[in-house]
Amino acid sequence: MKSILFLFGLLSAAQCLPSRRAAASPTAEGTRFSIDGKTGYFAGTNSYWISFLTNNNDVDTTMSHIASSGLKILRVWGFNDVNSKPGSGTVWYQLLSSSGSQINTGSNGLQRLDYVVQSAEKYGVKLIINFVNYWDDYGGMNAYVRAFGGTKEGWYTNSQAQAQYKKYIEAVVSRYAQSNAVFAWELANEPRCKGCNTDVIYNWATGISAYIRSLDPNHMITLGDEGFGLPGDGTYPYSYSEGVDFVKNLNIKDLDFGTFHMYPDSWGVSYSFGDGWIKSHAAACKAAGKPCLLEEYGANANCDIQKPWQQTSLSLAANGMSGDLFWQWGDRLSSGLTHNDGNTVYYGSSLAQCLVTDHVNAINAS
């Protein structure tokens with residue numbers, strides 16, 4: 001039985017920290033995921049914004065809607081990096097500075113992520129928690145570069161940046177290592193190293209995943225990459241130009257499953273590209289004996305385009321695929337509708353009927 005953490009004398013922290021319940025963590029069983037005693041294929045979604053909400057009721061509303069829709073996995077941002085302290089009321093998790101960095105465990109810091117984990121525990125949703133962004137949104141690797149110098153390509157081997165990144169990982173993992181709401185720890189959102197030898201990301205991912213495993217041997221770990229670099233049709237996403245080798249990275253011992261994303265519009269390929277992209281990754285995961293997760297996908301909030309992708313992925317449930325997470329979840333909160341980036345699927349919409357309800361029903365019937 002896992003230990004229960006009591007925080008006597010720290011009432012405010014006790015109200016925010018997630019509860020610690022004895023339960024098995026999600027696992028990879030060959031090429032399938034196992035959640036709460038069920039092994040199979042699971043649907044889910046992404047919400048970058050839920051980690052930064054300041055209204056607990058909004059978090060619970062979102063989590064309850066996700067759970068009642070039959071979605072089991074939610075990928076969230078576990079990072080929010082700044083180089084100077086923002087004004088009062090703004091959520092931030094980590095201040096990066098060469099003169100001394102600070103991890104914010106206050107009410108406008110990691111206590112906001114605490115409540116997301118607590119709510120996920122309450123509603124039975126499993127979280128993929130990410131530690132850094134390749135892109136500049138919410139700080140990202142560039143916030144480390146501004147603090148410690150170098151370039152984004154050099155971030156993976158920058159000793160100062162990596163030392164602080166590991167401190168941040170330790171701070172987050174230690175808060176939730178006993179929580180059954182954690183599906184997996186994720187090294188980065190869409191890590192790239194343009195023009196680099198693929199060994200750069202491979203070596204970094206090998207070392208960091210082993211470090212996370214030393215902190216928490218019970219939860220899964222994944223890379224969070226877009227799935228670039230594997231044998232295929234020769235188009236840009238299959239190339240190694242972004243310094244990523246999907247097949248090689250998939251074989252890293254401490255990475256439990258493979259992730260890949262799919263945005264034909266951004267990548268300059270046709271929508272029909274998706275079918276082969278999914279099949280190529282499923283074949284690589286089957287060969288490695290690990291599950292594949294289609295972790296992000298979107299196409300102008302169009303059901304007719306995306307539904308066939310879901311069907312292809314589900315059809316490979318016994319051959320490498322074990323889940324998919326559409327980008328992104330949308331909801332109505334106390335402040336109004338959440339951000340619509342063109343790929344948002346709002347709770348209760350006709351698009352949600354197609355991409356969520358119908359998809360979950362197909363999974364349950366399979």
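Visitor: At roughly what angle do the axes of helix 10 and helix 11 cross?

Guide: This is a predicted model, in which local features need pLDDT of at least 70 and side-chain atom pairs count only at pLDDT 80 or more, while totals for chains, interfaces and linings use all residues. Residues are numbered from 1 along each chain as its sequence is written, and side-chain values use heavy atoms, with hydrogens and water left out. Helices (H or I, at least four residues) and strands (E, at least two) are DSSP runs numbered from the N terminus, and axes are lines fitted to C-alpha atoms, for helices over the stretch in contact, with angles from 0 to 180 degrees between N-to-C directions. The axes of helix 10 (residues 303–315) and helix 11 (residues 350–365) come within 10 Å, and they cross at roughly 15°.

Visitor: How is helix 10 oriented relative to helix 11, roughly parallel or roughly antiparallel?

Guide: Angles under 35 degrees count as roughly parallel, over 145 as roughly antiparallel, 65 to 115 as roughly perpendicular and the rest as oblique. The contact, meaning heavy atoms within 4.5 Å, involves residues of helix 10 including Cys303, Gln306 and Leu314, and residues of helix 11 including Leu351, His359 and Ile363. Given the crossing at roughly 15°, helix 10 therefore counts, relative to helix 11, as roughly parallel.

Visitor: Is Val125 buried or exposed?

Guide: Val125 sits in the loop between helix 3 (110–123) and strand 9 (126–130), where it touches Met63, Ile66, Ala67, Lys72, Leu74, Ala120 and Ala181, leaving aside residues up to four places away in sequence. Buried means under 20% relative accessible area and exposed over 50%, with partly exposed in between (1.4 Å probe, protein chains only). Because its relative accessibility is 1%, Val125 counts as buried.

Visitor: How many bridges join strand 9 to strand 10?

Guide: Two strands pair if DSSP finds at least two bridges between them. Strand 5 (residues 73–77) runs parallel to strand 9 and is joined to it by 5 bridges, with Lys126 as the bridge partner of Ile73. Strand 10 (residues 182–186) also runs parallel to strand 9, and there Leu127 stands opposite Val182. The bridges that join strand 9 to strand 10 number 4.

Visitor: Which elements do the buried residues of helix 4 pack against?

Guide: Helix 4 (residues 140–148) has 7 of its 9 residues buried, so it is largely enclosed by the rest of the structure. Among the buried ones are Gly140, Tyr144 and Phe148. The elements against which the buried residues of helix 4 pack are strand 6, strand 7 and helix 5 (159–176).

Visitor: Which residues have the most contacts inside the largest nonpolar core?

Guide: A nonpolar core is a set of buried Ala, Val, Leu, Ile, Met, Phe, Trp, Tyr and Cys residues joined through side-chain atoms within 4.5 Å. The largest one has 102 residues, and in it Tyr165 touches Phe131, Tyr144 and Trp155, among others. Those with the most contacts inside this core are Tyr165, Trp185, Leu187 and Trp204.
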